Each structure stands twice: as structure tokens, then as C-alpha cells.
Amino acid sequence: MEQRAIADTLKTQFSEEVVDIVEYQGQVGVLLRPDQIVPILRWLRDSADLRMDHLRALCGVDNSKRKTSYPERFEVVYQLYSTELRHEIRLRVLLPEKDPHVDSVVSLWSGANWLEREVFDMFGIRFNQHPNLKRVLLPDDWEGHPLRKEYPLKGRKEWQGLVELKERIQELDQHGFYPPPPVEAKKGGTAKKGAKNPVEPQKTVAQAAGPASAGKEKTATVAAALPAGVNTGKTLRERDQA
Amino acid sequence: MHILILLLYILLLFTVVMLHVAYATYFERKIIGHMQVRMGPMEVGWHGLLQPIADGIKCFFKEDIIPENVDPLGFRLAPVVSLTAMVASLAVLPFAPGWVLADIDIGLLFVFAMSGLAGYGVILAGWASNSKFSFLGGLRSMAQVISYEIALGLSLVGVMLLSGSLNLSTIVEAQGGTFGGMYIFPQFIAFGVFFVAMLAETNRVPFDLPEAEAELVSGYSTEYSGMRYAIFFMAEYVGMLVMSSLGTICFFGGWSGPFAVPYFPALWFVLKVYAFMFVFIWIRATMPRYRYDQLMELGWKWLIPLALANIVLTAVCKALF
Amino acid sequence: MKEPSKQTVEVPVATGDEDRYRLRMGPQHPATHGVLRVDLELDGETIVACDPQVGYLHRGIEKLAENRTYAQTLILTDRLDYIAAMSNNCGFCVAVEKLLAITPPLRARYIRTIVNEMSRLASHLLWLATHALDIGAMTVFLYCFREREILLELFEELCGARLTFSYPRIGGVRQDVNAYFIDGLQRFIDIFPEKILEYETLIDTNRIWLKRTVGIGKVSREKALSLGLTGACLRASGVDYDVRKHQPYDAYDLVDFEVPIGQEGDSYARYRCRMEEMRQSVRILQQCIDQLPPGPIVGEDAPDLHMSQRIIPFREARVSAYGTGLIALSHKTKPTYPAGDIYVATEVPKGELGFYIISDGSPRAYRMHIRSPSFIHISALTALSEGGLVADLITNIGSVDVVLGESDR
């Protein structure tokens, strides 16, 4: 079926829900209200003359900086395709800026699970009745939703996990595993001079590690190179137990 | 004086076997290399002939790393147990008439006992490493050794029945009078079972589950490095040698050959053993790896019944003729 | 002597059963093909719960694409599926061409089809190599790399790169193919079918191979569609879906080939499908070489760097306002960027690679979503592997053929 015809059928079937139909380069997108998305998708999947059995893609869009006019801040876009009848349609569900949420379609396509998690990860759009809605690509303790337009390209600050990793490197350095990184003069100035060696050298993991005194010196250099406040003064084990 | 000569023999045997281990790795790498359209070691010495020496020196001088969370005693003990057990079985192997350190009457049982003991090294390594992959490798090894030990033992019962002895020299001599001078002809079923069980017993492909690198990283030896790892490696190769020798002795007539060789009566024995080793390596280059449950299935559902049937068959034949 | 401490890394509990053995496989594990991590809960060796974790290779390509021009984004697509970078490049170019309503000349379309199929072969060879190695057949690994090397050398001859090509351009390709390349490709095509036979001889009828793959990771037709599987994984379950046939791009509507369809939907069917696909790729390559028409390699309306036989120095070419060297315009007027959105799918070796691009009239994509097959295939691992053994998980990871660069973007 032609894409336009599918959109028209959809409009007659769910006239309340369809906001608009747009066409570009022969591809038709149907703008929808969010409430009835699961019944609409189920109808598209199961109705005999459509049989849209393949969910090609599911992604979020942040419209806030779009130059062309847009109805709502967020969109969730569903690309549907019928492997038997070889036609496709695009559904664009409009979501408000405040508390964007839409029903999950995992009950229809179990493959939508991670796609929805990704949209949640990147845009903070919540999916109701999702079995496992948590971040998928980014770490669980990441702050912000990177694909939102107000999120800067370089990010806001160092991820806590990386900070901890650096700390761990510093600890392991006592064993003589890593050569000291080149100390930048500027950074060394801002960091606390002569930061104390936070922990006593533990029993070496490698028994044949370098002499302890050399290890201490190295640690001191690294501590100066790292930004202040990184040292929590805990050993690996203490932190793990906490 | 007698003791001193015996010690000298032991030293000689140990040196020769260790040299063999070194060059068995070279042998394996070259053969697999050529089977896989590459050259194998080429850099150290002529055609890489000194490569095993270089590897040995490297392993010997590597830093001895013992991870912090392991059980130190078990971790140190495991490779030694493996190697000792394997090397101990060498004592009863007759390489040529009279070329045997301990010509005892329970030779075959002794070899079984020692190869069973070597499994403990692997299990201990898996347990002591305090690593999940090592532990799984150890568990697999335990199950595998137990299952295949039975098949291995049963497959040789036929040989015992025919020769009427557990003494390995006597077994070789007893084969002299049979058809072809080898027990493989009357005992072909037993040989089939023995061969498969032998591969499993030495943890070789397609039964290298305890160290399946695609699944368990490196299995029981994941946490080992340097000399300790090399000792496991040696144990594996000595194990291959012992099992090949056992196969040669029990099924291929040991040292006997078409004509007697002066000065070096063990020639035929060595040739047969290396033919075995070649098959080991050939299989490694060809076969994928079995899955754990399939391995068990093969052991319990096929090998053990076959071996039992063979015993019955042999006993009946022996009673009738 | 210090007591061994009992500290362990806590693996999240899925079923809440404390007695289960929890195993964290990866991100550094030889069989997870990169940096995939799978959190497992085991009962003996049976997998009770399987939770794949991705993101270790997340580079924010979608965010970067919003801040770069289309031509600059092209080089990012190399870093998606780095095993078949050419396919990603082509997919992206096809998408942008459709967005900007550009038609590349016929010769360029044929050349792209050639490089597409070559990268499919290269990817499938690497898949077969690693899949076989995971199952333990070590020799196949080296045999496959022997042939893959020929392909990579041909790529090197074509564009100077072996891994990240950036060879196709929006509206054409970067440079024309030379006689040496065509010769080499022809020689490769001549020998390759025998080589496929060689791999099959090694593993196809091997009892152990069959035991390890037949019935493992089985997905029914409905389940496969529901999971969103594409490519060989979907076709192995009996769904006739190949973007090259359904929505032809480049020169795929001008060449004759068949789409192998499997029945069983298990690892063995996926293996068979990919092996047949290699044969079909050879067919396509042969036809492309035979039919390769003369003509320009970059369209008149291409907004991109026009690189014909005469290579224009960057200084001479008019550098676009947003470009930094890679993009330069050969046009007298700036191209106009229309506003609209487009979803274009292409068949890459791993499955259906889709680009959803929204343009708001600026030279950069307002939003670019990449529908990466690997991401969805990894999410399907749970359904494929639960209830199986650890060894089956390895078979499944190998047989769905995932690349983490594409999954994590």
C-alpha cells in the first residue's frame, strides 16, 4: 500500500489521535498524540491489509532548537515496515516538555526493550509499563540526558566513575605499575601542593614490585597532578566494604 | 651404588623427557602452522629450532605473580601436583627391553593412579585461584577426569585379559605371539574407546573444556603466569607423552618392530609415540570443541558401554578359544 | 602469609536467588567480540539469567553528527561497524542523497555496490573466522584471514585504507577504480568459491560442529520479528527480508541475485545463510565487474568534494562555511538544504542499518538516529541464551554476529 494511503486509513481509524500528516521525499510521517499509541501500533501490526510486523527503528527527537516549526518539544518516532507487503510508515508521537512519557510497546515487539531504554537514556522520556527502564549506553549514575539539545557537546563535568578510576590508578601506582604521567605546571599549581600519600603501601600484588620508597615518590607526583578533592583517603578495600 | 645408578637413570630420563616436552611444543607449533598455511616459529635459530629454549628461559625469568586473593598454598601446590604425578608415571614405562626404571607388576594401575592424581592438580588450581572462570574450569576438569578415567580403565581391561598381566613389559612381550604382533587387531573397539578417552584425559581438543579459551578465558590456568604456567604446560605435554606411550605399549606392540635396531632399541617405540603425538596435534588443528554436556553424554552413553561390551566379548573369546 | 580476602565484585542479581553462581563475562573476554559484557546467573552451567551490558564503546556519534556537516559525519560512520566500514559509508551516503534529492551517476552506484559486497565478504569472513574459533575450530580462523587479506589489499589499492575507508562520498565515490583493482577483484572472484567450499569441508559436516550449532539459539519466525532481528539472523528464521531486494539502493536493482532463506532459525541456519550469502556476493561482484559502465563517478549536483581524476587541492576548492578540509564545494552556488526527515535503510553485513535523519534546513543534521543491527541483536541475546549452557551463549554471540562499535555508537 502507498504510504499516503496508509496514513489516510490511520486517520479514518483513529481520527482523534492523528494531529497531522507530513510527507517528504515520498516518505510519510504521521504525527500522533501519545495516549493511544499502543492500540494504534497493535492495529497496524495485526490488521490484515497492513501487517506491519517489523519495527525498524524507535528513536527520540528533541525539537527545542529546530528552525522549522514544531508542535511539541519531544517526539518519539516509530518506523514500521511490513516484510510481507513491503510498505512502511513513520509515526511521530508528540510529547510535551514537562514530564514526557509514553506507553511502552515492548508488549508488541520485545525488541523495543533496548530501543526504549536508549530513548530514556538519551532524552529522559519515560516509557510506562516498561519491564526494565534504566540506562543502557551510559552508566547508571550519569547525570543528564545527552541528546537533549541543551546538553553541551563536551558534556558538563567528568563522570564520577572516571574520577574514581583515576583514584584507583593512583592507588595502584604504589605498586609501581604505572609510570607517572607528565605533570603539567599549571595544574600542579592549582592542586594542593604536597598532597599526602593517602594510604600506606599495601602488600604488593606482585611480590617483586619496586622498592617502596620509589613507589611513594611516584604517588606524590600523581597526587599533585590530579585535581584537588580527588583523594578520599580510602583504600580500595575500605571503599568496597563501605 | 645401586641407588646412585638409579638416580642417574632418573636424572637421565627426566632430562630427556623435559627436552622432549620442549621440542614437542615446537613440533606442535610447526605442524599446526603448516596445517594452517603459515610457517610457525621461524625467528630463533634455524627454522625456529631454538624457540622452545627461548620460551623456557622467558618463562623461567618471568616475574612470579601470585594474585592477592588466591589461596597461596593451593595456588603454589597445584602445578607441582600436576607435574609430579605425570612425571611419576614415566617410571613404569618400558621404552625398550629392560629400559624401565621400575619394572613393577602393577604398572598399568600405577599409570592410571598417577594420571588420576594429575587431575587433582587442575582441580586444586581452579579452586585455589579464587576466580570464577578458574573455578568453572576446575569443576569441568573434575567431572571430565572422573568420567573418562572409567572409560580409559575399562578399555584396557581387554588388553589385561589377553596378556594376563598388568606389567607393561609383559604386555608388550605378550603381543609378540598375536596376529600382526599388536593388540590393536583383536582389540580395535578397545582402542577406539582408549583413544577418545585418552584425548579427554589429557584435556586436548576436542575435549579441552577445562581450559576452553573461548568460554572460560583460560580455565583453571587463568590466574597463572610465568614458571607456574609453564609447569602446567609441561604436565600437559608429559601427559600426552605418557598416554601416547601407554597406547603404544598396549595396542601397538611397544618397542617391537619389523627388525631390531642396534644401539637404540627404543627407536620403534619413539616412532610410534611420535605418530600418536602427531595425531593429537592433527586433531587439534581440525576439530571444534565439544560442549560440556555432550562430552558427558559421549563418555557415559557411548564409551563406557562400548568398553564394557568389549570386555565381555574378549572374555568370551578367550574362554572359547 | 596474608589471608585471602573474600571480596568479590557484586554482579547484579536478576532472579534474586542467592544460591546462583554469578559470572560476569566480559568486557575483557576472548569470545565477546570486543567490549560486550554479559552478566550471567548460572545454575551449574545452565544459564538462568543473562543480562548483556553495552556502552563501553559509546562515543556519542549521534550527538556528534548534530554538530558536524554531513560530509564530516561520513567519517564517523566508519567507526560504527569497523569490520565493514564501507557498508556504513554507503548507507550513510544513500541516506543523505535521498534527503538532499541527489542521484549519483550510474558508475558510482556500481562501484558502491562492488565495495559494499566486498565489505560484506570481509565481514562474513571475519564472522566465520571468529565464530569457528569460539567453537574451537582454529584452522578455519586462519583460512578466513587468508582470503580477507586479499580483500583488504584490494581496498588498500582502491582508497589507501584498510579499515576506515571514507571512500563513498555523498553523490558518488571519491576516486575511480583502476585496472589493477578490477584485475585483482576478478582473480579473487575466480578463486573464492573454491575457498568457501574449503571452509565448508572443514566444518559443515563435522559432527561436533553440528552438535554445537544445530538447535542452539533457536528463534521462531514470529519471535525473530518481535525481537527485531534483521539480516541473516532474520532470514535464517524463514522471513524473506533483505533491504537490497525490498528497497533497492545503489545498483542492487540492476544485478541478479538470490536471497538465501533458512528454516530452522538456529545457529546452524544462520551459519548456512551467511555462507550462501557469500556465494551470492560473489555473483553480484561478477555482474558488477561485467556491467560496470563508463562515466563520471560524482554527480553534477553533488554538494560534496568533487574528486575526479584531477584531485583538487583543498586550497583551491571552496571550503564550506562549516567544513574543515574534508568537505569542499565544487559548486558555484552553495547547495540548498531542504527541511524534512528521512529514514533510509541499507543491508549491511550485520543486518539492517538505518539512518533516520532530520534536517531543518541547516547544513548539519538536526538529528541523526542510527538504527544499528548489532544493538538490537545484542538485546536479543537474552532470549536466545536463557536456558542454555555457557558454551551456547558463546555460540550465540558468535552466530548473531555483533560488532560493539556499531552497537554502542
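Mentor: Two residues are in contact if their C-beta atoms, placed from the backbone, lie within 7 Å. This is a predicted model, where local features need pLDDT of at least 70, side-chain atom pairs count only at pLDDT 80 or more, and totals for chains, interfaces and linings use all residues. Residues are numbered from 1 along each chain as its sequence is written, with chains lettered from A and ligands numbered from 1 in the order in which they are written.

Trainee: How many residues does the contact take from chain A and from chain C?

Mentor: Chain A puts in 33 residues and chain C 43 residues.

Trainee: Which element gives the largest share of the side of chain A?

Mentor: That's E3(A), with 6 residues. Strands E2 (27-32) and E4 (74-81) and helices H3 (112-123) and H7 (236-241) of chain A also give two or more residues each. Helices (H or I, at least four residues) and strands (E, at least two) are DSSP runs, numbered from the N terminus.

Trainee: Switching to chain B, what domains does the assignment give?

Mentor: Domain 1 (1-61) and domain 2 (71-320); the bounds come from an automatic or database domain assignment. Their C-alpha centres lie 20 Å apart.

Trainee: And how many residues of each are in contact?

Mentor: In chain B, 17 residues of domain 1 meet 15 residues of domain 2.

Trainee: Which helix gives the most on the domain 1 side?

Mentor: H1(B), with 14 residues. Helix H2 (51-61) of chain B supplies at least two.
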